[in-house]
Amino acid sequence: MKLTKYEHACIVVEEQGQSLVIDPGNYTRELGNLQNVTAVVFTHVHGDHYGAQNLAAILKANPNAKIFGTHEVAAAGQSVTAVDAGQSVEVGPFKLEFFGGHHAFVFKDTPQNENVGVMINDRLYYPGDSFDTPNGKPIEILALPVSGPWMKIGEALEFIEAIKPSKLCVPTHDLMLSDIGAKIYEERMASVSAESGATFKPWKPGESIEA
C-alpha cells in the first residue's frame, strides 16, 4: 500500500496500480494529474474536505471512478453514491468500510453535519472530522487529524490510545498548524504512538510512504 499526502486533509492510497482519493477538498490546491483513480471518498460536506472543482477534475481524467460520500455530499455533488456508517463496498482493489455518522461537535450554534470514517483494506483508518473508532477493529495505519476548530491535542492523543495502531500513524487535517506548532504536536503524538508499537511519521504534501 502506497500513501501520498496532499494539502490539508487529502490522502491518496495506491494498490495494484489503482488509486483511491480521500477528501480532495478546497484546501487541497494542487492535485496534479491523478490517473488510474478507481474511487473517491468524501468523509463529509465541509469545503476543506469536499471540493467540487477537484471532484470535477478527477472525473474528467477518470470518468469511471466511483464516488462515495455522506448523503449531504451526495446532495451537493455530481455522481456521488451516498453511504452510511455500517456499510461496506468493494471497488477495484479497495475494500471500504464506513463508521461513525456525525462530525465532531464544534459549538452550540454550529450544525453537526454527517461524517463517515473509512477503513481501507482492513489496514488504514481515516476518521474524517471525528474521533469515532472503527468498532474495535485492529488498525495497522491511522490517519490522524491533528488540528481544527473541533478538536484539541489531548483528544488526538486519546484517539491514538483508543485505536492503538500497530504499524504507522500519519498526520492529516494539518493546514492550520505552523511549522513550529506542528513540531510540538509531533513530539507528543510520536510518544503516544510508540506505546502501541506504531511509528508516527510526519510528512509534507507530495511525500509518499510505502506501508
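In which sense do strand β1 and strand β2 pair, and over how many bridges? Strand β1 (residues 2-5) and strand β2 (residues 11-15) pair in the antiparallel sense, over four bridges. The structure is a predicted model, in which local features need pLDDT of at least 70 and side-chain atom pairs count only at pLDDT 80 or more, while totals for chains, interfaces and linings use all residues. Residues are numbered from 1 along each chain as its sequence is written, and side-chain values use heavy atoms, with hydrogens and water left out.

**Strand pairing**
- Strands are DSSP runs of E of at least two residues, and helices are runs of H or I of at least four, numbered from the N terminus; two strands pair if DSSP finds at least two bridges between them.
- Thr 4 stands opposite Val 12 in β2, and Thr 4 also stands opposite Ser 208 in β14.
- Strand β14 (residues 208-210) pairs with β1 in the antiparallel sense over three bridges.
- Five residues lie between the strands in the hairpin of β1 and β2, where His 8 takes a positive phi near 60°.

**Cysteines**
- With a disulfide defined as a pair of cysteine sulfur atoms within 2.5 Å, the count comes to zero disulfides.
- Cys 10 is in no disulfide, and the nearest cysteine sulfur, that of Cys 169, is 18 Å away.
- Cys 10 counts as buried at 0% relative accessibility, and Cys 169 likewise counts as buried at 0%; buried means under 20% relative accessible area, exposed over 50% and partly exposed in between (1.4 Å probe, protein chains only).

**Aromatic pairs**
- Rings of Phe, Tyr and Trp (its six-membered ring) pair if their centres lie within 6.5 Å, with planes under 30 degrees apart counted as stacked, over 60 as edge-to-face and the rest as tilted.
- The whole structure holds four aromatic pairs.
- The rings of Phe 99 and Tyr 125 have centres 6.1 Å apart and planes at 80°, so this pair is edge-to-face.
- Phe 99 in strand β8 (residues 94-102) and Tyr 125 in strand β10 (residues 124-126) are 26 residues apart, so the pair links distant parts of the chain.
- Both Phe 99 and Tyr 125 are buried.
- The rings of Phe 131 and Trp 150 are tilted, because their centres are 5.2 Å apart and their planes stand at 50°.
- Phe 131 is partly exposed, with a relative accessible area of 22%, whereas Trp 150 is buried at 6%.
- Phe 131, Trp 150 and Phe 159 form one aromatic cluster.
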